[in-house]
Amino acid sequence: MAKNITARSKDYSQWYQDVIKEANLAEHSPVRGSMVIKPTGYALWENMRDGLDRMFKDTGHQNAYFPLFIPKSFLSKEASHVEGFAKECAVVTHSRLISTDNGVDVDPDSKLEEELIVRPTSETIIWDTYRNWIQSYRDLPILVNQWANVVRWEMRTRLFLRTMEFLWQEGHTAHATEEEAVAETRQMLEVYRTFAEEYMAMPVITGVKTESERFAGAVETYCIEALMQDGKALQAGTSHFLGQNFAKAFDVKFQDKDGDLKYVWATSWGVSTRLIGGLIMTHSDDDGLIIPPRIAPWQVVIVPIYRKDDEREAVLEYASSIKKELADAGIRVKLDDRDQYKPGWKFAQHEVEGIPVRVAVGPRDVQNEKAECVRRDTKDKQLAERSGLLEMVRGHLDQMQQDLLNNAKKRMEEGTRHVASYDEFREVLEKHGGFIYAHWDGTAETEAKIKEETKATIRCIPLFEDDESGECMVTGKPSARKVLFARAY
RNA sequence: CGGGAUGUAGCGCAGCCCGGUAGCGCACACGCCUGGGGGGCGUGGGGUCGCAGGUUCAAAUCCUGUCAUCCCGACCA
């Protein structure tokens, strides 16, 4: 049993904090709401980033970098965009410090002519830039992504799920036609869904946000929604069709084949380090982190077991040959040959850290040409022939990736319910939480009322077909289809 | 930003009510025994008690302020 990890059943929130801490993913830094992502946590992010980046490139995108600072005036150009972000912006007002008796102070003489906003997102600076890049339909589309940090001055924060500064990618594309921009929006949503499932083993529901949940400045916001073990939903990624809102705000026009001047159509899409929080809450258990092999910083750890020096030498040589074989096969493997820790301690620690497969080798294994092979998620122990070890490890990694997705799918299915009445809705919400499908009359008023009374929000109007019309569970007005509700992070 | 809780060694905590030389467990260093699921014994090192003021002969302890964390609300990826 993991020593310092609170059981999920006892306090889910505390469990989440404990796992992050014990698995060495991240820690708090002195400024409220900001965190240090530790090497293990960052390695995880790098693997996620690399997977996504590959998919972005494969769909024709290029990376670029836009500045951290945005002139204050830019934020005000798109009306609903300002409204959405005004309350959570960090503002740079001065450029110098001066020494005082007590240390340093802001130099009042260094006040900036125009104050700078630390980007909460980059639409404004990017569309200001695109204006200069676009003249003709031949300049389109622009398919650009950037990997960056952004700052949103949040009231309440949680490691990975909501921090004041976070890492993300933001794609910003410009198109000649509405159809093309919508297609791009949907394509990137599909990229996110694929990534979530195939890399993170995290099943998601794809859908469209209601108006009240829409991105500030978007015409339509698409999202992937995941269900956590505690029955709460997590918005794991969003893809926005921005229409011509930003093109109009920043006067970005192009001349089409007929010589007409037209406004450009836009999209933006992003996922953040929040995904790591979702990953933790999708797979991990009371013994610590469980992560899909495909994005695990280390996929295999080898633990040598020995008593005397001569045993040590033989075991380490044996272990090293295993390491080489696995590494040559492209597996991320490390040999934990630290002498200051006992095997039992290492076993426990690697489980907390969520390394998918452990290979233990001792003198007996050297003798018999075998190795013990254990999966993190199931804890199943198997004795492998040395000659068949690589095959077994590969099999475990593949199978674990599969099983994690299947288990998570099963959990999501079991955590999804359909209700007909508002009473039933409330009862299910209190008893089980989870995803709840219900009819809704399509009005913001009803949506707000439900949120006010139950704390549940419409996560999305799913994209999959649903012809089952009915009546709104609250007002009884007609509803064309059920929408997805949940309490959310 | 409102309500509640917390802050003492790297981690987990006691001490605070009732002011008087800062403690325990784990971790760390060294030695020996150990080693197939978080070892044992011994000897050590390490703390401006979150920070800043105040009260007092004397403050971890009492008072005020402030910062941070956690939980619950309002806001949000």
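## Domain layout

Chain A splits into domain 1 (24-67 + 120-283), domain 2 (293-400) and domain 3 (416-486), with the bounds coming from an automatic or database domain assignment. Taken over C-alpha atoms, the centres of domain 1 and domain 3 sit 27 Å apart.

This is a predicted model, where local features need pLDDT of at least 70, side-chain atom pairs count only at pLDDT 80 or more, and totals for chains, interfaces and linings use all residues. Residues are numbered from 1 along each chain as its sequence is written, and side-chain values use heavy atoms, with hydrogens and water left out.

## Where domain 1 meets domain 3

Here 18 residues of domain 1 are in contact with 15 residues of domain 3 (contact being heavy atoms within 4.5 Å). The two domains bury about 1,300 Å² between them, 62% of it on carbon and sulfur atoms; buried area is the accessible area (1.4 Å probe) that two parts lose on being put together, summed over both.

The side chains of Arg459 and Glu225 pair up in a salt bridge at 3.0 Å, N to O.

On domain 1, helix 6 (178-198), strand 11 (205-208), strand 12 (220-227) and strand 13 (233-243) each bring at least two residues to the side touching domain 3; helices (H or I, at least four residues) and strands (E, at least two) are DSSP runs, numbered from the N terminus. Strand 12 gives the largest share, five residues.

Definitions and conventions. Chains lettered and ligands numbered in written order. Salt bridge = Lys/Arg side-chain N within 4 Å of Asp/Glu carboxyl O.
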